[in-house]
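Trainee: I'm new to this one. Can you walk me through it, starting with the opening helix?

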Amino acid sequence: MNVKIYRDAWGVPHLRADTADELAYAQGWNAAADRGWQIEVERHRSQGTSASFLGPDALPWDLFARRSRLDDTARRCFDRLDDATAAWVTRYVAGVNAGLVEGARRAPQFADTGLDPRPWEPWVPLGIWLSTHVLFAGFPTKLWREEVARALGDGAIELFSVEGAHSSGSNGWLVGADRTAHGAPLVAGDPHRPIEDPGVYQQVRLACDAFDVVGLAVPGVPGIAHFGHAGAVAWAITNAMADYQDLYRERLREAPDGSGGWQALGPQGWRPVSVHTETVEVAGAPAVDVEVVETERGPVVVGELGDGDVLSLRTPPRVTSELGFASLPALLRARTVADVDRALDGWVEPVNVVLAADTEGGQLHRVAGRVPSRHRDNSLRPVPGWEPAHVWHGWRATPRTAVGAFAVMANERGLAAPLGVEFAPPHRARRIRELLHGRRTWTAEGMAEIHRDTRLDSAGPLLALLEEVPGLSPEAERLRARLLAWDRRMDAGSTDAACYADVRAAVVHLIAARPELKALAENVESRACPEAMRPWLAFLPRVAFALEGLLTDPGASVLPPHDRIEVVRGAVEQVAADHLARRTEAPEPTWGARHRLAPWRARPEADADEWPEVPGDHDCVLSASSVPGVTDLSTRGPAARFVWDLARRDNSRWIVPLGASGVVGAPHRRDQLPLWLRGELAPVVTDWNRLTEEHFSAMSTASPTPLRKAVHEQTVDGFGLVRVVPLDPIADLDLVHGWVTAERARFWGMQDHTREQVRETYAYVDSLTTHHAFVVERDGRPVALFQTYEPTADPVGECYDVEPGDIGVHLLIGPASDQVPGGERGFTQALLVALVGYVFGDPRHLRVVVEPDARNEKAIARMLRAGFEAGPEIQKPEKRARLAFLRRERWAAHG
């Protein structure tokens, strides 16, 4: 394998290979080596097994993952992939499996938690993608809206419709060639997500004969999905805020035939329900059984069998078994905007707004993804699953529009408006447009001015009401004058911003305490809901993020105009009194003193209180979010920033909140944080001569293969689980080439074979129906090469009298035979228990035939100890061999 890994001054990996498949392997290896702990946590989260090493705190998510069937959906979507994309993903997974040993060695969390990395199945990247994005459309918000309607009436169902702390938004903008200094477009933005440690995005460069792309990858997922620059074309996305997931009320009953099964009422009558129980292991606590129930509409995520309130979740990937992963390799190969457009035609989830530009003048502004066509009520609240009116009817058209001098996307009610219900306030989008129009020509360097803008235009309604408040106390009057003179910038060093935050928090609490909202607060508190969805029902944050709408609601259903004045009066008087009581304290607190970064981690670490001050606020372009009235800590914000320059790619810029590495103590774990805090960006380096090559000898060593579908599995006492997996001539090439050319395999006859010759050999075997090759795994690790053949279709059949029911086998033990007592002898004996069990599992097979090289005394003795009977020596074209036979009845009696 001709793979090289380079690093720039920030430790960003630049991966170079001859082919796309080799590059996918290298990307998987690098993700495992640099982010091993992170991607293993994500893998376990997608499978609902993270509590097994993270403990009870991870249990709510695991229960949700099991009940919503994330892993099973990922498996279905992988099975529907075209062959080329499936092979590409599988190659990435093979690289992950090869790198996990190195990743576990680097990351102390593995030893601290006792986590032993296990081989990935090929669909794990799809599972990680689903797990990361399943809540992007915010379907739990439908539970909230239902409670709003119950407490305040249907007319108020959208009263709290704003982007909340648990939704995922972003900024993105495109500057046309006419408005740039170099005469080519610029594409820039910053995705807003929960800030995680390690970061959710990994800066990476992927280069091979077919493409050369820099961008932001999701660790554990191949390719560069959302933000990339391929030289001639660049692209970026934001969350479209579309609604494409539904919650259905279910009526369930026990099957009337007495079978013990269950049925659900649908538009066509009562239909069977799938039910099974899974056990979730929990570190430090008893295991928990979870009932997994699925109706024709989808998995049940709220309620259980026998409950009166049961809700199922319907999502496009679960319905179609498609996720859109074929778009990922197509994006890497894109050369024009038209290529990007075609690639995204197959995209499914999440639904995004896309901006793209190329060096030929092409520009793109469109929505990509699948949104079902159905009744509007489906988008607002849970709907009856038995009513035909709520059935899905195909897919909505995805809007697109022309691009002028500028195009902006910031989750507002814009291009994607027909596809959603709840969008972000327009402030970020308006502010970005205002800043773009404020300069005649733009450069990549100048874009930092937009990225770090902290003006909070959503403060307007509260400040307008504050101006109207009559009869304030002297201290409150001074506070009002100060806030009305404030520049509305949420800078970390601003004491005025801190004062505004105090008043805003007080307003939130006063509104939340109003008697008109008492029933709503009680409803959401008592609402039966899985713990993983409960943040969407948190009452005080809902009030906080709806504050602007509540203060300006023309219907005045909760807060009439006069009451708004009184609420603001009460808040400013309260804050003024608090400030007066603290006047002796010095210095006066700043916004940043309270607004500190608080990244999410899978498990706590010792430096939890060392995080720095952060500028910005939820509705600023620099959208570092806290929850007014609840906490000023910032848990969500720009998970990356980038500027793609189409004039010169090496003039592009990027940054992530922490660093390129996810390894504790590594020099590049947090070295980008100071720049990120200042709103600066690091250069994108594309000159290979300016990079440092790393020596990765492990890239070419024998590596574990992914846990693909086995043709046989058997647990051998005292040995472990043995799996017989069909050999993949591409994915297993490094492994098999290393084995067959080793000194220990001198009798195999392939010591002088090149990688290409080995690949051709097993590709030919793979094309036959009479010959089959397998990798044998013990407890998930590859340990042997096993082949079967029909003697009548093989030259050996010409060298002895073939009997009906004969089946020939070859066995090459890998370098792992010292893992059981007895060394190679004990290892082979244990392995043969499963392999012969597999062969005789076919009733047509009556006698096993082996033909080791006559000089290979060790192999012959091994077979005789296993119960084979010696046969004659035969002369084959390539060797002289000793035949040996094992009959079914002898194995049954002595095996």
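Mentor: Helix 1 is largely enclosed by the rest of the structure, because 27 of its 28 residues are buried. Buried means under 20% relative accessible area, exposed is over 50%, and partly exposed is in between, with a 1.4 Å probe and protein chains only. Helices (H or I, at least four residues) and strands (E, at least two) are DSSP runs, numbered from the N terminus.

Trainee: What kind of model is this, and how are residues numbered?

Mentor: This is a predicted model, where local features need pLDDT of at least 70, side-chain atom pairs count only at pLDDT 80 or more, and totals for chains, interfaces and linings use all residues. Residues are numbered from 1 along each chain as its sequence is written, and side-chain values use heavy atoms, with hydrogens and water left out.

Trainee: Back to helix 1. What does it span between its end C-alpha atoms?

Mentor: Helix 1 covers residues 20-47 and spans only 28 Å. A straight helix of 28 residues would span 40 Å at 1.5 Å a residue. The expected span is 1.5 Å times one less than the number of residues.

Trainee: Where is the kink in helix 1 centred?

Mentor: On R35, with a kink of about 105°. The bend at a residue is the angle between axes fitted to the seven residues ending there and the seven starting there.

Trainee: And what comes just after helix 1?

Mentor: G48, which takes a positive phi of about 70°.

Trainee: Which side chains meet E42 or R45 in a salt bridge?

Mentor: They meet each other, at 4.0 Å, N to O. A salt bridge is a side-chain nitrogen of Lys or Arg within 4 Å of a carboxyl oxygen of Asp or Glu. Both E42 and R45 sit in helix 1, three residues apart, about one turn of the helix. An α-helix has 3.6 residues a turn, so residues three or four places apart point the same way.

Trainee: Is E42 buried or exposed?

Mentor: E42 is buried, at 12% relative accessible area. R45 is buried too, at 18%.

Trainee: How many salt bridges does the structure hold?

Mentor: It holds 76 salt bridges. One of them joins D212 and R649, at 3.2 Å, N to O. That pair links distant parts of the chain, 437 residues apart. D212 is in strand 6 (residues 212-217), while R649 is in the loop between strand 22 (641-645) and strand 23 (653-655). D212 counts as partly exposed, at 22%, and R649 is buried, at 14%.

Trainee: New topic. What volume does the second largest pocket have?

Mentor: About 1,200 Å³. Of its 46 lining residues, the closest to its centre are F747, W748, Q787, H810 and K879. The lining divides into 26 nonpolar, eight polar and twelve charged residues. Ala, Val, Leu, Ile, Met, Phe, Trp, Tyr, Cys and Pro count as nonpolar, Asp, Glu, Lys and Arg as charged, and the others, Gly among them, as polar.

Trainee: How do you tell a pocket from a cavity?

Mentor: Both use a 1 Å grid over the protein atoms alone. A cavity is a set of points where a 1.4 Å probe fits but cannot get out. A pocket is an open set with protein on both sides within 12 Å along at least five of seven lines. Lining residues have an atom within 4 Å of a point. Grid points are joined across faces, edges and corners, and a volume is the space filled by probe spheres set on the points.

Trainee: How many cavities of 30 Å³ or more are there?

Mentor: Nine. The second largest cavity holds about 100 Å³ of space. Its lining residues include S68, R69, L130 and E349.

Trainee: Which peptide bond from E349 is cis?

Mentor: The one to P350, with omega near 0°. P350 is in the loop between helix 11 (337-344) and strand 16 (352-358).
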